[in-house]
Amino acid sequence: MRDDAPADGAPHAGAVDVLIVGAGPTGLTLAAQLRAFGVRFRLVDRLLDRGHESRALAVQARSLEIFQSLGIGERLVARGRTSTRVMVHFEARRAEAELGEFGARDTRFPFILFVSQAETEALLRSELASHGVAVERGVELGAFHTAASGVHCTLRHHDGREEQVDTRFLVGCDGAHSTVRHGVGIPFEGGDYLQTFMLGDVEVEGPLERDVLHAFAGRRGFAMFFPLGSPTTWRVIALPSGNSGIPQDASMTSELPLPELQGMVDGATGGSLRLRDAAWLTRFRLHHRQTAHYRAGPVFLAGDAAHIHSPVGAQGMNTGIQDAWNLGWKLALVARAQADERLLDSYEAERWPVGHALLRTTDRVFSLFSRVMTSSVIAAWLRRQIASRILPRVLAFTRLREFAFRFISELAIRYRKSPAVTEGQPRLRSGPRAGDRCPDRRITRDGQPSFLQQELSGAGLHLLLCGTPDRWDDARVAALRARWAGLLMVHRLTRHVCDGALVDASGELLATLGVRDAAQYLVRPDGYIGFRCAGRDLGGADRYLTRWFRPLSRGASHVD
């Protein structure tokens, strides 16, 4: 597909279902999901070339699950590191731990993947390109206004040409300085952290063990060295104790000379390391902001356009990816007239609290870190105590590591208060609830090994019928399939081997789902549970579907 063609091969000018502004990880993920649903969209970016800086360095487990549903999760894992040693240096003391698998049993990715954002974006672009989708570069969103039918947009091309495009939905994935957010007038509330950071992708000479994440907390500063690999061996992020000596530039970024970064690293390491051959140097300030709303009519915001925060926990890029994954299927089904437009309200209802909670948590952690990193005598004493007593115990405490992993990995995110999820009757007493992520476990199908999430992926809804297969009413199951043909896929999960069923021979998955006799789980396209109940009566599932979705055959009868 040409760079100047919309994603479905339609004429360049005219109407599309979705116009995505911004081709970072958020916009690329949204495009990948829309493509899977077969809706008309365009993906534009004002930059003529992609960013080559590595930026984000971690992909979390939940994002890897999303990528695996696109068929690229394991491919991305092969490009990064899943096991990284962490070594924390406090002057003469140090503590270390291995960040490998965290023991999570309900995901095939029980680790943090260390891989550059450039690699993540490259793989997403490659996946889109394999389906004939290309980013339209050098195309900037100008003025736009909403109407009853959607949004009328002016696109400015780098050669000066202007183009008028009508789109049913406009999505701003265009970062912290979002043109879409400014254009629609949604407030971006919050402020700036006082600290100014220095960042560099560099080579390092000195006693720095390879393939280890090093953190140095010295008397005159703090520095972290990440094993980057490409375009340089190391990324270093540094700041001084008390933030003394650095100009409080009000801008997000500014240029940084290598000698200035060297001086800051010397303050943290005692002068034991020498930096050279920098590929990227910058000085930057951090913001903590969130929009008051994620939606204004047919206009939506996702990723950094909607929320920016401290990088504590390495969740910024991942949260944007999951914004896109939550929104994409809803836009697609509404555009295809297979869902009620009220479903779009659930995007803000589900994702705004996630952004708010993340902002609050990272703000608190970052504020605590800032206090510890001051140049006071008390802070220096506290750093020594952390090094010799606290940190070694924390890093060795398996349950605490696992608890922290579920938060950082974003596997624990849930939408139980969403208007678009329902606990049916009779209620299940245990297992993941409506609004929770569907867990993943190994299963078999027709004798072949597989994973539950792999079987429940694809552009549609999935109804999981749990329990002995021959005790379900086949006629009612067939009627439900017929009524929701083209939208709903029905699967049977059982301990008994039978053709086409998902077999949980050990019964561990059924126990995780809280199934004693029989149960139903309706899993949404984003991998979250929309409806569940105990028993074999399919009426509740049908009523849930009828509330939010539209059968292709208008004359299809309800399942009693």
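Colleague: At what angle do helix α2 and helix α7 pack?
Modeller: Happy to start there, and please keep in mind that this is a predicted model. Helix α2 covers residues 61–69 and helix α7 covers residues 316–335, and their axes are 9 Å apart. The two pack at an angle of about 45°.

Colleague: Is α2 roughly parallel or oblique to α7?
Modeller: Angles under 35 degrees count as roughly parallel. The angle between α2 and α7 is about 45°. That makes the arrangement of α2 relative to α7 oblique.

Colleague: Which residues of α7 make the contact with α2?
Modeller: From α2, the contact takes in Arg 62, Ser 63, Ile 66, Phe 67 and Ser 69. By class, this contact has four nonpolar, four polar and one charged residues. On the α7 side, the residues are Asn 318, Ile 321, Gln 322 and Trp 325.

Colleague: How does α1 lie relative to α7, roughly parallel or oblique?
Modeller: Helix α1 (residues 25–37) packs on α7 with the axes 8 Å apart and an angle of about 30°. α1 passes α7 in a right-handed crossing. Angles under 35 degrees count as roughly parallel. That makes the description of α1 relative to α7 roughly parallel.

Colleague: How many nonpolar residues does the contact of α1 with α7 have?
Modeller: Among the α1 residues in this contact are Leu 30, Leu 34 and Phe 37. The α7 residues include Ile 321, Trp 325 and Trp 329. By class, the contact has five polar residues and no charged ones, and its nonpolar residues number 13.

Colleague: What is the handedness of the crossing of α1 and α4?
Modeller: Helix α4 covers residues 117–130, and its axis comes within 10 Å of the α1 axis, crossing at roughly 25°. The two helices are therefore roughly parallel to each other. As for handedness, the crossing in which α1 passes α4 is left-handed.

Colleague: How many charged residues are in the contact of α1 with α4?
Modeller: In this contact, Pro 25, Leu 28, Thr 29, Ala 31 and Ala 32 of α1 meet Gln 117, Glu 121, Leu 124, Arg 125 and Leu 128 of α4. Six of the residues are nonpolar and two are polar, while the number of charged ones is two.

Colleague: Which strands stand at the edges of the open sheet of eight strands?
Modeller: The strand order is β20-β27-β26-β23-β24-β25-β21-β22, with mixed pairing. Each edge strand has a single partner, so one side of each is left without a neighbour in the sheet. The edge strands are β20 (422–423) and β22 (448–451).

Colleague: Which residue in β25 is the bridge partner of Thr 444?
Modeller: Strand β21 (residues 442–445) pairs with strand β25 (residues 502–503) over two bridges, in the antiparallel sense. In β25, the bridge partner of Thr 444 is Val 503.

Colleague: How many residues apart in sequence are the parts tied together by Phe 169 and Phe 300?
Modeller: These two form an edge-to-face aromatic pair, 6.1 Å centre to centre with 70° between the planes. Phe 169 lies in strand β10 and Phe 300 in strand β18, so the pair ties together parts whose separation in sequence, in residues, is 131.

Note on methods
Residues are numbered from 1 along each chain as its sequence is written. This is a predicted model: local features need pLDDT of at least 70, side-chain atom pairs count only at pLDDT 80 or more; totals for chains, interfaces and linings use all residues. Side-chain values use heavy atoms; hydrogens and water are left out. Axes are lines fitted to C-alpha atoms, for helices over the stretch in contact, and angles run from 0 to 180 degrees between N-to-C directions. Helices (H or I, at least four residues) and strands (E, at least two) are DSSP runs, numbered from the N terminus. Angles under 35 degrees count as roughly parallel, over 145 as roughly antiparallel, 65 to 115 as roughly perpendicular and the rest as oblique. Contact means heavy atoms within 4.5 Å. Ala, Val, Leu, Ile, Met, Phe, Trp, Tyr, Cys and Pro count as nonpolar, Asp, Glu, Lys and Arg as charged, and the others, Gly among them, as polar. Two strands pair if DSSP finds at least two bridges between them. Rings of Phe, Tyr and Trp (its six-membered ring) pair if their centres lie within 6.5 Å; planes under 30 degrees apart count as stacked, over 60 as edge-to-face and the rest as tilted. A crossing is left-handed if the near helix is turned anticlockwise from the far one by less than a right angle, and right-handed if clockwise.
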